[in-house]
Amino acid sequence: RDAVPLARLQGIRKRYGAITALDGLDLTLHTGQVTALLGANGAGKTTAVGLLLGLLSADAGTVEVFGQSPSRLHVRQRVGTMLQSANIPERLQVGELLALVRSYYPRPRSVDECIAMAGLQGLLGRRYGKLSGGQQRRVQFALAICGRPALLFLDEPTTGLDIEARQALWQAIRGLVAEGAAVLLTTHYLEEAEALSDRVAVIDQGRRVAEGTVHEIRAHVSLRRIRCITT
Ligand code: ATP
């Protein structure tokens, strides 16, 4: 483990009006590791990702990515995202989307590499809005990795995908980790956390209720409790 974490949330409180989304959340991400953030609907996962991306600001606590504020340009250029609220323009073709997003990064992957890694062969000329849900998810993954990010945020990347599409995406994520990228993955699925992650943080009502390796989490937190938190 590195002494200086890659990214860190410390003592984060975040409210939306009367709703407390995060209530003293601590979370640390390390170089080369996949961390799964596991929790039920409304637990605060997306809010945690939004803070680490500098899209939201905290009411209390500190947010650091590469030791700096997440909103700085050279931090953002080392980060890739696959978000639930992706807002990708439906009339653009896959190739146009890739060109657009690649242009944002200083050292992007080639289009061919993105296509191979995301399994988008034959889809470059297709409009995003005309693709199936699984294909759109693969495009989102390609856009997330095209900048060669050191840190990748995947917010529920496989929700709604069938088991085959889910496993294909897991395989692609593993390939990226093998290259040395760190990943924060939010998920409702314990199996997904087990399949992909080095460490798991379980959050419930904006607080971290368990943290450790998948093995430790299984040993110390009853599965019933995790299932009840995550489903
Ligand atoms: P899901 O699994 O459904 O995506 P989540 O764990 O990502 O849930 P968040 O989306 O972070 O949870 O939401 C945490 C809490 O904050 C929830 O109670 C949610 O209703 C509330 N919330 C999130 N965004 C807003 C917003 N823009 N305005 C008001 N409340 C919000």
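This is a predicted model: local features need pLDDT of at least 70, side-chain atom pairs count only at pLDDT 80 or more; totals for chains, interfaces and linings use all residues.
**The six-stranded sheet**

Six strands make an open sheet with mixed pairing. Their order is β5-β6-β7-β3-β8-β9. β5 (79-82) and β9 (207-213) are the edge strands, each pairing on one side only. From one strand to the next, the twist averages 15 degrees.

Isoleucine 203 stands opposite arginine 208 in β9.

Helix α1 (residues 45-52) touches β3 (34-38), β6 (151-155), β7 (182-187) and β8. The direction of α1 makes about 150 degrees with that of β7. Helix α5 (residues 133-145) packs on the sheet through β5 and β6. Its direction makes about 170 degrees with that of β5.

**Strand β6**

β6 pairs with two neighbours. With β5 the sense is parallel, over four bridges. Here valine 79 stands opposite leucine 151 in β6. With β7 the sense is again parallel, over five bridges. Leucine 154 stands opposite leucine 185 in β7.

How many of the five residues of β6 are buried? Five of the five are, so the strand is largely enclosed by the rest of the structure. Both faces are covered. Leu151, Phe153 and Asp155 lie on one side, and Leu152 and Leu154 on the other.

**The three-stranded sheet**

A second open sheet has three strands in the order β2-β1-β4, with antiparallel pairing. β2 and β4 are the edge strands, and each pairs on one side only. The twist averages 25 degrees from one strand to the next.

β1 (residues 7-16) and β2 (residues 19-29) run antiparallel and are joined by eight bridges. In β2, leucine 29 is the bridge partner of alanine 7. α1 packs on this sheet, touching β1, β2 and β4. The direction of α1 makes about 120 degrees with that of β1. Helix α1 therefore has contacts with strands of both sheets, given that contact means heavy atoms within 4.5 Å.

Tyrosine 16 stands opposite isoleucine 19 in β2. The two strands form a hairpin with two residues between them. Glycine 17, in the turn, has a positive phi of about 60 degrees.

β1 also pairs with β4 (residues 60-65). These strands run antiparallel, and five bridges join them. Threonine 62 in β4 is the bridge partner of glutamine 10.

| Strand pair | Sense | Bridges |
|---|---|---|
| β5 and β6 | parallel | four bridges |
| β6 and β7 | parallel | five bridges |
| β1 and β2 | antiparallel | eight bridges |
| β1 and β4 | antiparallel | five bridges |

**Helix pairs around α5**

Helix α3 (residues 94-102) packs against α5 at an angle of about 25 degrees. Their axes are 9 Å apart. α3 and α5 are therefore roughly parallel to each other, since angles under 35 degrees count as such. Their crossing is right-handed. α3 contributes Val94, Leu97, Leu98 and Val101 to the contact, and α5 contributes Val139, Ala142 and Leu143. By class, this contact has seven nonpolar, no polar and no charged residues.

α5 also meets helix α6 (residues 163-178). The axes of α5 and α6 come within 11 Å and cross at roughly 5 degrees. α5 and α6 are therefore roughly parallel to each other. On the α5 side the residues are Arg137, Phe141 and Ile145. On the α6 side they are Leu169, Ala172, Ile173 and Leu176. This contact has six nonpolar, no polar and one charged residues.

**Aspartate 59**

Aspartate 59 lies in the loop between α1 and β4. Is this residue buried, partly exposed or exposed? It is partly exposed, because its relative accessible area is 44%, and the class runs between 20% and 50%. Not counting residues up to four places away in sequence, aspartate 59 touches Arg13, Lys14 and Arg15. Glutamine 205 is 146 residues from aspartate 59 along the chain. Their C-alpha atoms are separated by 16 Å.

Terms used. Residues are numbered from 1 along each chain as its sequence is written. Side-chain values use heavy atoms; hydrogens and water are left out. Two strands pair if DSSP finds at least two bridges between them. Axes are lines fitted to C-alpha atoms, for helices over the stretch in contact, and angles run from 0 to 180 degrees between N-to-C directions. Angles under 35 degrees count as roughly parallel, over 145 as roughly antiparallel, 65 to 115 as roughly perpendicular and the rest as oblique. A crossing is left-handed if the near helix is turned anticlockwise from the far one by less than a right angle, and right-handed if clockwise. Ala, Val, Leu, Ile, Met, Phe, Trp, Tyr, Cys and Pro count as nonpolar, Asp, Glu, Lys and Arg as charged, and the others, Gly among them, as polar. Buried means under 20% relative accessible area, exposed over 50%, partly exposed in between (1.4 Å probe, protein chains only).
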